[in-house]
Amino acid sequence: MENVGALAIILSFCLAVYSVLASLAGGWKKREFLIISGERAVYAIWGLLTFASAYLVYALQTDDFRLAYVAGHSNKTMPAIYKFTAWWGGQEGSLLLWSWILSCYAAVVVFQNRRKFRFMMPYVTATLMIVQAFFLLLISFPLTPFEVLAVGKEITGVADGRGLNPLLQYWTMAIHPPTLYLGYVGFVVPFAFAMGSLITRAPGDAWIHTTRRWTLVTWLFQSCGILLGAGWAYAVLGWGGYWGWDPVENASLLPWITGTAFLHSVMMQEKKGMMKVWNMVLISATFFLCILGTALTRSGIVQSVHAFAQSPISRYFSTFLFAALAVVIYLILDRLDYLKSESQLESVLSRESSFLFNNLILLASCFSILWGSLFPVISEAVTGEKISVDAPFFNRVNIPIGLFLLLLTGVGPLIAWRRSSLESLKKAFLWPTVAGLLTAAILFGFGVRHLYALMSFGLCAFVLGTISSEFWKGASAIAAKTQQNIFAAMVELTHRNTRRYGGYIVHVAIVIIFIGFTGAAFNKDATVEVAVNDSFKIGRYELKVQSLKNGENQHYRWWHAPIEVHQDGQLAGVMTPEQREYLGVERQGASIVSIRRRLHEDLYLNFAGMTAGGQKAVIQAYVFPLVTWIWIGFFALIAGTLICLVPSKVKYQFPKTRVVGQVVRSGKEQGVAKS
Amino acid sequence: MLGCHYSKPAREKIRDMQAKGSSDDAIVAEFVRSEGRRALVVPPAEGFFHLAWWMPPFAVALGLVMIYFWIRRMRQPQTAPIPGMDPKVLERYRESIERDMASLE
């Protein structure tokens with residue numbers, strides 16, 4: 001029985017290879033039975049991987065230390081929930097989760113589209129199964145989660161497992177990795193459809209309409225995964241930040257950025273038939289960055305506190321990446337005629353242009369993050385010297401880029417499709433600009449001298465101004481027509497075009513998140529060694545250590561330092577930062593920080609250790625202004641994206657400008673344009 | 001992460017040097033001497049490492065150039081009527097397009 005999990009994975013791998021071959025042959029030779037058998041293989045893979053995953057979870061729950069993975073990532077004292085999360089706590093298990101999620105997505109895609117896109121589906125299935133086969137190859141051979149230490153019912157070699165890293169035993173960490181994987185893996189679906197359309201030269205933009213929801217849902221998962229990770233870093237790691245520009249954190253951000261660019265530029269293709277090559281490049285880049293991100297976390301190419309242990313799979317990933325990249329580049333270059341633009345850009349002052357700049361800025365940000373993450377590797381390869389590229393580099397490069405992007409978030413909605421007149425732009429921008437400048441001036445008057453903070457708050461006010469004016473204009477018209485009150489009219493307006501107004505709510509969420517980011521300009525911190533009854537000050541707070549306590553339960557030993565928080569001479573509460581040492585084969589330590597959350601600022605205490613023979617506690621204290629707004633923005637982002645997914649009440653038509661006649665270039669060269 | 005294997009001894013070393021009156025620059029120089037330039041949080045602005053700083057603005061500039069050429073190519077070209085097409089029919093099409101485009105969101 002110990003080998004059934006491994007057997008299920010190897011069978012899945014064989015079926016994935018079969019599905020690729022059957023789908024390609026069926027699509028090429030137009031043999032329906034081959035296509036259908038390729039699709040059925042997808043369902044079978046889902047069944048087998050569900051069984052393998054269930055078996056691993058069962059082994060974790062029942063402390064079956066005959067399996068090396070269970071012995072390495074679980075122990076008898078861990079709570080059941082963390083025994084479950086140990087499924088993705090290690091390299092092999094997390095790859096199994098990746099494969100299982102992909103098999104779920106593939107099964108749903110094949111089932112949903114089994115009667116649609118018959119000409120394209122074999123190639124979509126083949127693309128999905130190529131990726132599936134690659135990941136199954138990894139967990140079938142070099143990194144199997146079912147390596148057996150002993151056979152039989154009795155095991156004597158391992159009395160208890162090593163346990164899960166205590167830092168991972170936290171509620172957001174229970175959902176952060178699967179959420180992020182749902183994002184990473186989900187981008188494979190629009191990529192597969194893009195490849196299907198490219199291979200078959202499918203007429204129209206069917207693949208975009210089909211995958212829009214997939215892309216949006218995937219983007220939502222990726223956003224949630226990133227922000228849950230930020231929340232975990234803030235509450236668990238004890239260094240007081242939510243984003244450290246670690247290579248693995250960056251790896252999760254890269255496909256999110258290109259995915260965001262794709263979600264914007266794809267509108268140009270839907271509405272105007274433009275930027276087809278660019279969209280193909282963007283969705284392919286998003287897919288490759290997902291694979292690269294997965295590789296960076298697992299291969300040991302870059303140093304990261306989040307990475308899994310070094311493993312020999314980097315050459316598998318690099319081979320797969322280079323081979324897939326070569327195929328995609330060939331397909332795009334070979335089918336440039338199929339990707340020709342259907343209409344022309346009529347004015348530089350148009351929504352189309354603003355999307356171009358939005359894409360440029362997003363990609364510049366993506367490139368600078370990728371460049372900074374890989375520069376230590378490049379530097380070592382070229383100069384032999386490995387250097388560090390840490391947060392100050394990324395902040396210096398990305399803060400101006402981020403501010404420019406924020407500006408475009410406000411500018412875009414006010415510029416019309418096709419062309420805008422300077423007069424209409426003046427009218428549209430007047431009040432939002434006044435709001436932005438006024439905000440910056442008021443803050444300056446109150447003593448804020450941080451340039452980036454002034455710019456950021458000013459731009460946030462500007463963007464909120466533009467979005468509010470959009471809602472106000474639309475809702476006023478509806479209210480006047482239907483006699484509804486303005487709030488009901490806003491709901492009606494949003495329902496009529498959920499995609500547009502849901503998108504605006506996502507933009508508001510981004511503004512709210514930027515407000516939270518900007519608060520970092522005013523952070524305060526202090527590290528002190530304090531005995532019982534000692535006091536120290538940070539910001540407007542006076543902190544006094546009440547006592548130092550310690551104890552033990554069945555899972556860990558703990559040390560508490562209850563600290564009184566005084567504000568303006570009044571006791572505002574007691575905070576209790578804690579240190580833990582988990583019981584298990586490896587005595588791993590962790591800090592449980594104490595956070596007093598308020599809308600205007602958080603007070604954050606970390607119990608960093610004991611000194612002076614246990615008489616003094618080392619306390620790190622931080623004041624983080626506005627950080628709570630990041631988490632509020634997170635919920636607004638979820639709400640906005642969910643609204644985008646609701647079907648609009650009114651179906652909008654988007655006529656395209658087509659060139660009628662013949663193109664005349666230089667008076668000599670003539671080519672026939674599309675009509 | 002506070003209390004990690006690197007942070008604790010590094011903090012103690014900095015505290016000791018501060019107690020002895022070392023300047024910030026001297027402390028940084030001591031870390032670079034013992035650990036190499038990887039002790040610095042950003043690449044030094046010298047030689048090959050200039051690339052780290054210059055590539056992001058270069059990428060933005062390259063993007064702007066590409067956008068310029070793309071816009072130039074994508075601007076409405078001059079069109080000549082298809083032989084045999086009635087100019088009135090063409091005008092009607094154009095007006096219809098104008099009307100449709102004006103109703104875009």
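Tutor: A residue is called buried when its relative accessible area is under 20%, and exposed when that area is over 50%. The model is a predicted one, and within it Ser365(A) has a relative accessible area of 11%, so this serine counts as buried. Ser365(A) belongs to helix α13 of chain A, which covers residues 351-383. When the neighbours within four places in sequence are set aside, the residues in contact with Ser365(A) are Ile257(A), Asn398(A) and Ile401(A). With Asn398(A) there is also a polar contact, in which the two side chains are joined at 3.2 Å.

Turning to a pair of helices elsewhere in chain A, α8 (residues 188-200) and α9 (residues 206-237) pack at an angle of about 170°, their axes lying 9 Å apart. Because angles over 145 degrees count as roughly antiparallel, α8(A) is described as roughly antiparallel to α9(A). On the α8(A) side the contact is formed by Val189(A), Pro190(A), Phe193(A), Ala194(A) and Ser197(A), while α9(A) contributes Trp207(A), Thr210(A), Thr211(A), Trp214(A) and Thr215(A).

Finally, helix α1 of chain A, residues 4-29, has 26 residues and reaches 36 Å from its first C-alpha to its last, which is close to the 38 Å expected at 1.5 Å a residue. Just after α1(A) comes Lys30(A), which takes a positive phi of about 60°.

Notes
Residues are numbered from 1 along each chain as its sequence is written. Chains are lettered from A and ligands numbered from 1 in the order in which they are written. This is a predicted model: local features need pLDDT of at least 70, side-chain atom pairs count only at pLDDT 80 or more; totals for chains, interfaces and linings use all residues. Side-chain values use heavy atoms; hydrogens and water are left out. Axes are lines fitted to C-alpha atoms, for helices over the stretch in contact, and angles run from 0 to 180 degrees between N-to-C directions. Helices (H or I, at least four residues) and strands (E, at least two) are DSSP runs, numbered from the N terminus. Angles under 35 degrees count as roughly parallel, over 145 as roughly antiparallel, 65 to 115 as roughly perpendicular and the rest as oblique. Contact means heavy atoms within 4.5 Å. Buried means under 20% relative accessible area, exposed over 50%, partly exposed in between (1.4 Å probe, protein chains only). A polar contact is a pair of N or O atoms within 3.5 Å; within protein, one must be able to donate a hydrogen and the other to accept it, and residues adjacent in sequence count only if both atoms are side-chain atoms. The expected span of a helix is 1.5 Å times one less than its number of residues.
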